[in-house]
Amino acid sequence: MGLYDCNGILDNTEELRKQMDEQGYFFIRQLHNRDDVLSAREAVLQHIQSKVPEAFDPDKPLQDGVLKLDTEDKKNKFKEVTSRIQVKQFFRKFFGQDSKTFTYKWLRAVEPCGFTGVHVDNVYMSRGTDKLLTVWTPFSDVTMEMGSLAMCEGSHKLPSFDHFQDTYGSLDLDKEGVVGSGWFSEDANEITQRFGGKWKIADFKAGDVLIFTQRTVHMSSVNATQRVRISCDTRWLAESDVADPRYMAPIAPRKPKYGSFGLGVQVAPDAVTMEKKKREWGFL
């Protein structure tokens, strides 16, 4: 089943809050101007073409495609899209106050055959408000075949997910020293067969966004094309709420332990792995 867009209730804050509480996500068509998004994509691709390999942040996994873009450049088209006034206006109404966003932005380039496994964002950024929201912005038209994002509807609150949320969902990966991607699984069926819920996915147009909670279980489909899927995750919270200091200026994130890892990566025998944690929680 497909994602439900909420464009019909964008002027009804009460209904929006009700939908977020029930579903755990918003799917908004054309929150961004399509031409602006496509211009930003072109700027990113030009930057890669002109700077590779220097274009990429050396402290981030290459597979994540995190670029060293000059975020202070007021002409930066990437910044214009990810921090544009339309997003701020939306959150001003939703939060009932001004909003703020993490300094750090997660710009990703997902290669052919690449995908993102099952996870919740809370395991990566839980040292702040539990009302943090993620905005996923694709920088092109993204079909399911190209690797669009999928939501497990209701997974943030269904009673059948209680043990999952109390264990994996409440894990601080950095504090526990867990190695690997931080994903709970690479298998969507493992989630619905074990915990229930319904996976929802859709084709996206440049300008569309997906907004979801820290506790909403999500993943992406596999990029089965020969194109690189470029997208960006930004995190938003109310101005009065506390942000995870690891992602706010002047404190920059340390070298992450998480992301896409290829086959053949050696893991020490005593390393804390997700498999060990799942066994400890009674999932294996």
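## Words to know

A residue is called buried when its relative accessible area is under 20%, exposed when it is over 50%, and partly exposed in between, using a 1.4 Å probe and protein chains only. Helices (H or I, at least four residues) and strands (E, at least two) are DSSP runs, numbered from the N terminus.

This is a predicted model, in which local features need pLDDT of at least 70 and side-chain atom pairs count only at pLDDT 80 or more, while totals for chains, interfaces and linings use all residues. Residues are numbered from 1 along each chain as its sequence is written, and side-chain values use heavy atoms, with hydrogens and water left out.

Ten of its ten residues are buried, so β9 is largely enclosed by the rest of the structure.

Strands count as paired if DSSP finds at least two bridges between them. Strand β2 (residues 99-101) runs antiparallel to β9 and is joined to it by three bridges; here T101 sits opposite W236. Strand β3 (residues 106-110) is also antiparallel to β9, with five bridges, and A109 faces I230 across the pairing. Strand β4 (residues 133-138) makes six bridges to β9, again antiparallel, with V135 opposite T234.

## Helix α4

Now look at helix α4, residues 85-95, where the buried residues are V87, F90, F91, F94 and F95. They cover an arc of only 115° around the axis (taken from the directions from the helix axis to the C-beta atoms), which puts them on the same side of α4.

After α4 comes G96, which has a positive phi, near 75°.
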